[in-house]
Amino acid sequence: MRNRPGLELVQLAAGPTNLKQILSNSSCFNGVEAKRVDVIKVDIDSYDCTLVAHVLKEVSAKIVVMEVNHAIPPPIKCARLYGIPYLQGPKTKFLINKGSYRGCTLSYAVSMLKSFGYLLLRFDGDDAAFIHEEVAALVQPEFAPHGLPMDEFNCYRQMDYEDFFLVQPSQVNMYWYTYSFFIPPVVVQDWFFLQPADQSLKLVVGNLS
């Protein structure tokens, strides 16, 4: 795969502090100032939104695809930020690394990417796809006949919760169960369907802290 034309594999931890240098040194752009691509895909289970924001300051793309934290529904906006130190203790460190604190919510991603001119095009329960407003008219007739952007609230109304919040036996303890992002689907449904936004925020903070 390394010999494919136009493909360059870089094994580095990318962050806001070194991203510009990584892109500038890439042979794919050959030193050009205006860096353009068709698709940007980010899925790092960490400071995803922060990384996307810094990528878009250096590279323009027609479509951005990124994983979002689907356990926290609209309209709540929150994100794991770059440079947050780990909390002390094995339990809190485990939650921050692998649980509900990773990534950013769909509402946060929608708001952040809107500032770069991107509209929500698709949400499958895990990943969200955004298209730039300059090319949105090219895909709207087939992919969004009712208009863009897609309604983030409607995404959660139609989501198959049992499908995207998989429940499976834990390999550590047969009496414990692991949920997607460690939040049971019934809890997310309660936050979204049954509670007003201000009360949902209190419940989210209480359940995740």
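Asp45 counts as partly exposed because its relative accessibility is 29%; here buried means under 20% relative accessible area, exposed over 50%, and partly exposed in between, with a 1.4 Å probe and protein chains only. This residue lies in the loop between E1 and H2. Most residues other than glycine have a negative phi, and most peptide bonds are trans.

A word on the model itself: it is predicted, so local features need pLDDT of at least 70 and side-chain atom pairs count only at pLDDT 80 or more, while totals for chains, interfaces and linings use all residues. Residues are numbered from 1 along each chain as its sequence is written, and side-chain values use heavy atoms, with hydrogens and water left out.

## The chain and its cis bonds

You will find nine helices and six strands in the chain; these are DSSP runs numbered from the N terminus, with helices being H or I of at least four residues and strands being E of at least two. Of the 209 residues, 39% count as buried. Taking contact as heavy atoms within 4.5 Å, 63% of the contacts between residues at least 6 apart in sequence join residues at least 24 apart.

Two cis peptide bonds deserve a look. One joins Pro74 and Pro75, with omega about 5°, and Pro75 sits in the loop between E2 and helix H3 (90-98). Another joins Leu148 and Pro149, with omega about 0°; Pro149 belongs to the loop between helix H5 (136-143) and H6.

## The largest nonpolar core

A nonpolar core is a set of buried Ala, Val, Leu, Ile, Met, Phe, Trp, Tyr and Cys residues joined through side-chain atoms within 4.5 Å. The largest has 32 residues, and Ile40, Val52, Met66, Leu106, Leu113, Phe123 and Phe130 touch the most other members. H2 gives the most to this core, with six residues. Beyond its neighbours within four places in sequence, Val52 is in contact with Val42, Val64, Met66, Met112 and Leu113.

Helix H2 also holds Thr50, which is buried, with a relative accessible area of 15%. Leaving aside neighbours within four places in sequence, Thr50 contacts Pro16, Arg80, Leu81 and Tyr82. Over in strand E4 is Ile131, which counts as buried because its relative accessibility is 2%. The C-alpha atoms of Ile131 and Leu113 are separated by 9.5 Å, with the two residues 18 apart along the chain.

## The largest pocket

About 740 Å³ of space lies in the largest pocket. A pocket is an open set of points on a 1 Å grid over the protein atoms alone, where a 1.4 Å probe fits, with protein on both sides within 12 Å along at least five of seven lines; lining residues have an atom within 4 Å of a point. Grid points are joined across faces, edges and corners, and the volume is the space filled by probe spheres set on them.

The lining has 23 residues, with Glu8, Leu19, Ile22, Leu23 and Phe29 nearest the centre. E1 gives the most to this lining, with six residues.

In helix H8 (residues 185-194), the buried residues are Pro185, Val188, Trp191 and Phe192. They share one side of H8 because they cover an arc of only 125° around the axis, taken from the directions from the helix axis to the C-beta atoms. On the other side of H8, Val186 and Leu194 are exposed.
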